[in-house]
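Here are a few notes to go with your first look through this entry. Keep the viewer open and follow along chain by chain.

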Amino acid sequence: MHVNVWHEVVESNMGKAGLLLIGLMVVLAVFAPVLSPYSPRENTSTPAFSRPSADHWLGTNDARQDIWTQLLYGARTSLTVGFGVALLTALISILVGGTAAIFGGLYDRFWMRVVDATMAVPDVIVIILVAAYLRPNVLLMILLLSALSWPGGARVIRAQTLTLKERMHVSAARTFGAGWSHLLVRHIIPDLGPILVAIMIQDARRAVFMEAGLSFLGISDPSVMSWGKMMQYARVFTYLEVWKWWLLPTGLALSLTLMGLSFTGYSLESALDPRLREADHHHDGGI
Amino acid sequence: MLKPLIFGLALTLLALMASGPVGGAANHEVAEYTIADATGDWGFPSPYAHYSRGPGYVRMSFIFDTLVWKDDEGYLPALAEDWEFVKDENAYSFDLRKGVTWHDGEEFTADDVVFTVGYIQDHPYQWVDSSIVDRAEADGDHSVKLYLSEPYAPFMDLVACTLPILPEHVWDGVSDPASFRDDEALIGTGPFRLLDYNKARGTYLYEAYEGYYLGAPKVGRIIFDKMSDQTAPAGLRQGSVDAASVPPEAVLQLEGSGLEVIEGAHDWNAKLMINHQKEPFSDPEFRRALAIAIDRETLVDVAQRGQAVVGSPGLVPPDSDWYNSDVEEYDYNPDVARSMIEDLGYEGEEVEILVAERGTVGWPGSRVAELVEEQLEDAGLDVTLRSLDGATLDSRVMAWEFDLALLGHGGLGADPDYLRRMALDDTLNSARYYENGDLVDLLEEQLREIDEEDRADMIFESQELYAEDLPALTLYYPNWYWAHNGEVDLYYTKGGIAIGVPIPLNKIAFL
């Protein structure tokens, strides 16, 4: 890993755009209460389906609620789920993939079969089923999505660890009697950095998308604002003009978030994979 | 070489133009009439193959006739010209119309009616309780008597106006009527014949049957096309659709573009299901406190944007002939509700409300649930909402695995026997409530009460008892609208089509 991956991401246009979009969404989500005087569920005194105005930047919905406010609070849910799943999946991936590569043998084979099995599970159906028995909320959604999306990452981490553990410095540490946790934390994880982030971004993107999709289907905590739910509501009134400031901005916000994550992920990937790199520009950074 | 080819092509084109795009439709006032439907497929339109919902029956009713039919004013002679209840024999006698032919040219006789009644004994027809009619006897070719097994008040609506008469010469020997899909399976006496049914695309194409005994149809072809409720308004404005059910918010816009809008009766209700099998909901006083805690008017104003009528605790809608205005109303009062709940010792009780989104007009989804949640919290309960998919919610309600749940159903424009079915039947939308013996008896008895006035008294009293015990709480009745271009004068049938289908597509309107 002689390439300064982070530097390259920030340098590339794709990476800049991606980070900017993610940053924008984070700002909207964090400062939601400052950016709007309403609460997302408040039935204001403005008539339903009002056009955008100074009081209501994106007008009001069918229940006289402020759409702009809902958009802001929806960003909170999307990003919480996205980051939550990313962190948790990364953790599980390292634990499973990393230890499988270090220990090898039966332990490795067992976990890889678990990975195969989990990958074959149709996640939306499992989540619908679980939601039927447990009360869906943001935390449960993060746990469920993580439980279903760690295998891809675990596989990549395992492969990467397998090559890493044959490196000189790792072998050296092992000959000095280092335990698996020490190897993992001190020698493997630091070198996994960029790949880990790439996996996390991919998982976050998937989680944001899934959360929107599931709440669109009505599987979410009803008291939590969500873009999927907003679209579900807006969809019913597409024959009115209101879709222009209800459905469109919501879809746009979701798309921008997904694009932000995709762009960042893509530029990270091209920095990591020499085959994806632009020929001349990065000559000096070659491996 | 080229000239004769062009000449030939021109000739063919001319011939095509002369014959017109719709064969034989020239003599119809309206050549083609397109009706939009959000679901599309409602099954093969034979009596045994259509789906067991209103739109499926309506599609079948264009082809098959009943003894008696209904229009916007009341009963209308159809296959039977006249009828009479013979009290001593507990039977209805019908004088049948002469000169009626089936679509294949065979003559319709009393034997077909006798056959149909016999046929539903062996092959139960989904929309008629076949145990009601004991037997049918023909008296000559044009007179028939139906003997009932016991007195049955809603006979006219639920049997005479609902049971499609089958041609004996076709159905005799058909052992599996549901899978009988030959061309013959659609031979009826009705004003239309089916030309095409596409299950995958959800489309139906009907053609007028000129020999219809109530007069030739004025519409040459009827087309049912699949189109969502959201796109239908645009289709109506562009003229690609002639009639469609439309959401309330589209009404003003459509009236502005010169379309006719008709408002239906309030025969669908959004209902709060209460699990009266478990504490504290098993206590009628607690249920009454819930009713007082829920501001049904706000639900209408906010969640339905005023496009609904506030629910009556007696289930029967205020615009029904059977509505009892004396039922307890349980006016909204959070303070009274809170002190009632405190007195019962259920303060801070955890209550979960189940809700599902269906995306249909008037359905009580999260909007309603959120308001109910706030109102019940105000009354001192600890409320959580739980959003589920529709099928899961249904199964949990059926299994009594819930506290409160939001559901809804129609049929409130039909014969008031729905009060019994919605209180006692073991079905999803029924309250399944047997705690009040008086209510159970009353509801069972009204079914056998032939005297209209006595029956009305019983229906009125059962509404009061129902409202007093509140096994479930009706929240509101949404407004329903259909819009059409006026080519056909659509109307809502009095009491609904057949057993009470609230769709303004009465075949008589197309004559």
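The points below start with chain A and then move to chain B.

1. Before anything else, keep in mind that this is a predicted model. Every value here was computed from it.

2. How much of chain A is buried? Buried residues account for 45% of its 287 residues. As for contacts in chain A between residues at least 6 apart in sequence, 71% of them join residues at least 24 apart.

3. Now chain B, which is split into domain 1 (30-63 + 190-263 + 481-510), domain 2 (68-171) and domain 3 (269-478). Note that domain 1 is written as three separate stretches of sequence.

4. Have a look at where domains 1 and 3 of chain B meet. Eight residues of domain 1 are in contact with seven of domain 3. On the domain 1 side, the touching residues are four nonpolar, three polar and one charged. The centres of these two domains, taken over C-alpha atoms, are 32 Å apart.

5. Finally, zoom in on helix H14 of chain B, residues 437-446. Which of its residues are buried? They are Leu439(B), Leu442(B), Leu443(B) and Gln446(B). These sit on the same side of H14(B) because they cover an arc of only 95° around the axis. The exposed residues Gly437(B), Asp441(B) and Glu444(B) are on the other side. What do the buried ones pack against? Their partners are helix H13 (418-424) and helix H15 (452-469) of chain B.

Conventions:
Residues numbered from 1 in each chain as written. Chains lettered and ligands numbered in written order. Predicted model: local features only at pLDDT ≥ 70, side-chain atom pairs only at ≥ 80, totals over all residues. Buried ≥ 20, exposed ≤ 12 C-beta atoms within 10 Å, placed from the backbone. Helix = DSSP H or I, 4+ residues; strand = E, 2+ residues; numbered from the N terminus. Arc of directions from axis to C-beta. Contact = placed C-beta atoms within 7 Å. Domains from an automatic or database assignment. Nonpolar A, V, L, I, M, F, W, Y, C, P; charged D, E, K, R; others polar.
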